[in-house]
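The sequence and structure are shown first.

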Amino acid sequence: MSKITKCLNDWNATVEALGQGMQSILIRKTGTTLKKFLLYPTVSYANKDDYLDSFKPGMHDFVKENTLPVSEGKAYEVKYYATVEEVFETPVSRIGKFNDYHIWTKKHVSGYFDTRNANVWLLRVYELSEPVYCSRSRGMVFANVDKKIDLDYKDPIINDKDFEKLKEEILNK
């Protein structure tokens, strides 16, 4: 069984949306050469009074329930692992066509960019067989967790047939 220490830092609500099959993409300023990583929940966004404004109104109850990750001291619960299936560039002016594939508002997504192009990461997400509590090193996007994690995971969150359909939809937008 392989082990991993590399993790992607993201808001806990986004991690849970990925882990519950509500979202399969991330929209970023840059691409990535990493092909697999743990999804590490972060909490800094929760310190802002207006953090709910970043999420679609229909997602507010979900976000409130998933604002903060489960923790033990300074270690957070890591439950998911992702593989990068595709990364493609699209003009920022065209990212609105992906609104059905994430939980954020249009304003939040478009306000994130100061570049002409955005990178869409299509992720395949898996739930780890057992959650792991760990802390991480510093890092804006990627970091390392403080111990090697066994990549023992359950079936993908989205089954093969549904994921292939989703992938085709997204790639043909």
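## Salt bridges

Seven salt bridges are present in the structure, each defined as a side-chain nitrogen of Lys or Arg within 4 Å of a carboxyl oxygen of Asp or Glu. The model is predicted: local features need pLDDT of at least 70 and side-chain atom pairs pLDDT 80 or more, while totals for chains, interfaces and linings use all residues. Residues are numbered from 1 along each chain as its sequence is written, and side-chain values use heavy atoms, without hydrogens and water.

One of the bridges joins Lys167 to Glu86 (3.7 Å, N to O). It links distant parts of the chain, with Lys167 in helix H4 and Glu86 in strand E5, 81 residues apart; helices (H or I, at least four residues) and strands (E, at least two) are DSSP runs, numbered from the N terminus. Lys167 is buried at 16% relative accessible area, whereas Glu86 is partly exposed at 28%. Here buried means under 20% relative accessible area, exposed over 50%, and partly exposed in between (1.4 Å probe, protein chains only).

Arg124 and Asp160 also meet in a salt bridge (2.6 Å, N to O). Because Arg124 lies in strand E6 and Asp160 in helix H4, this pair ties together parts that are 36 residues apart in sequence. Arg124 is buried, at 9%, and Asp160 is exposed, at 52%.

## Nonpolar cores

A nonpolar core is a set of buried Ala, Val, Leu, Ile, Met, Phe, Trp, Tyr and Cys residues joined through side-chain atoms within 4.5 Å. The largest has 40 residues, of which Ile27, Leu39, Phe55, Val63 and Leu123 touch the most other members. Strand E6 contributes the largest share of this core, six residues.

Leaving aside neighbours within four places in sequence, Leu39 is in contact (heavy atoms within 4.5 Å) with Leu8, Val15, Leu18, Val78, Tyr80, Ala82 and Val125. Apart from this core lies another, of 15 residues, including Tyr40 and Ile149.

## Largest pocket

The largest pocket has a volume of about 680 Å³. Of its 22 lining residues, Asp10, Trp11, Arg28, His108 and Tyr112 are the closest to its centre. A pocket is an open set of points on a 1 Å grid over the protein atoms alone, where a 1.4 Å probe fits, with protein on both sides within 12 Å along at least five of seven lines; lining residues have an atom within 4 Å of a point. Grid points are joined across faces, edges and corners, and the volume is the space filled by probe spheres set on the points.

Strand E1 gives the most to the lining, three residues. Arg28 lies in strand E2 and is buried, with a relative accessible area of 11%.
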